[in-house]
Amino acid sequence: MRFVALCATPLLLAGCTGELSTLDPAGPRAANLATLWWVMLAGSVLLFALVMTMFALAYLRTGWVSRITPAQWIIGGGLVLPIPVLVLLTGTALVLGEQLLPKGDAPMRLQAHAQRWSWQFGFPDGTPMDGQTLHIPAGEPVDIAVTAEDVIHAFWIPRLGGKIDAIPGRTNVIRLEADAPGIYWGQCAEYCGEGHDGMQFRVEAHAPDDFAALMEAGR
């Protein structure tokens with residue numbers, strides 16, 4: 001049984017990669033989210049192990065358990081055991097979540113506009129980008145100003161960062177960064193009607209000089 005479990009583990013972990021995987025980060029903000037996911041998983045496993053240990057003791061050591069008063073169960077099992085784990089998880093979430101916010105000097109701001117069931121992208125001066133492709137410079141942060149035409153959508157590039165809602169009449173800003181030039185994929189992450197599953201888009205990260213040339217050519 002152990003051999004089967006060991007053999008199955010690589011197959012299960014193989015499902016953590018892919019074009020839309022949050023556990024295969026390609027940027028610092030996505031890496032923060034992946035780290036938070038693993039920390040939350042570890043905390044959940046630890047809490048589960050603690051509960052199962054107490055359950056096993058109650059089942060196998062009935063004499064020992066009978067000497068524990070209800071107040072001791074409440075204080076020990078309900079406070080002493082879970083609180084350190086929950087404090088660690090909450091602290092990690094606050095620290096990593098703070099790093100996702102668009103703070104400091106404002107980088108280049110690109111535009112992403114959602115409508116059923118497609119995306120339109122633009123350079124900082126408003127010049128539209130061709131097709132369903134968002135062009136960004138690699139190795140430096142960019143802000144994406146996200147808007148919507150009709151209903152609520154959500155802008156999400158799993159390997160580069162978190163998601164943010166695209167709401168009609170509002171502009172929401174998310175900061176992303178790609179570690180290296182390459183092709184990434186994004187998806188509308190808010191159900192918006194029958195064409196929702198087709199609202200994927202392509203993200204192309206360019207070397208800074210190539211992106212500057214592309215932006216100049218688009219003017």
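This is a predicted model: local features need pLDDT of at least 70, side-chain atom pairs count only at pLDDT 80 or more; totals for chains, interfaces and linings use all residues.
Local features are reported at pLDDT of at least 70 and side-chain atom pairs only at pLDDT 80 or more, whereas totals for chains, interfaces and linings use all residues. Residues are numbered from 1 along each chain as its sequence is written, and side-chain values use heavy atoms, with hydrogens and water left out.

**View 1. Helix 2, residues 28-60, and its packing partners.** Helices (H or I, at least four residues) and strands (E, at least two) are DSSP runs numbered from the N terminus. The expected span of a helix is 1.5 Å times one less than its number of residues, so the 33 residues of helix 2 should span 48 Å, in agreement with the 47 Å that separates its end C-alpha atoms. R29, A30, N32, A34, L36 and G43 of this helix are buried, where buried means under 20% relative accessible area, exposed over 50% and partly exposed in between (1.4 Å probe, protein chains only). The buried residues of helix 2 pack against helix 5 (82-99) and strand 7 (172-176), with contact meaning heavy atoms within 4.5 Å.

**View 2. The segments annotated as "transmembrane region" in UniProt.** The unreviewed UniProt entry places this annotation on residues 34-60 and 72-96; its positions are given in the numbering used here, feature names are shortened, and annotations may be inferred rather than shown by experiment. In the model, residues 34-60 are 100% helix and 0% strand, with end C-alpha atoms 38 Å apart. Residues 72-96 are 96% helix and 0% strand, and there the end C-alpha atoms are 35 Å apart.

**View 3. G162 in the loop between strand 5 (153-156) and strand 6 (163-166).** G162 has 22% relative accessibility and therefore counts as partly exposed. Leaving aside residues up to four places away in sequence, G162 touches L33, F155, W156, I157 and I174. The C-alpha atom of G162 is separated by 44 Å from that of Y59, which lies 103 residues away along the chain.

**View 4. The aromatic pair W119 and F155.** Rings of Phe, Tyr and Trp (its six-membered ring) pair if their centres lie within 6.5 Å, and planes under 30 degrees apart count as stacked, over 60 as edge-to-face and the rest as tilted. Seven aromatic pairs are found in a search of the whole structure. In one of them, the ring centres of W119 and F155 are 5.7 Å apart and the planes stand at 75°, so the pair is edge-to-face. This pair links distant parts of the chain, with W119 in strand 2 (residues 118-122) and F155 in strand 5, 36 residues apart. W119 is buried at a relative accessible area of 1%, and F155 is buried at 0% relative accessibility. Ring pairs link W119, F121, F155 and F201 into a cluster.
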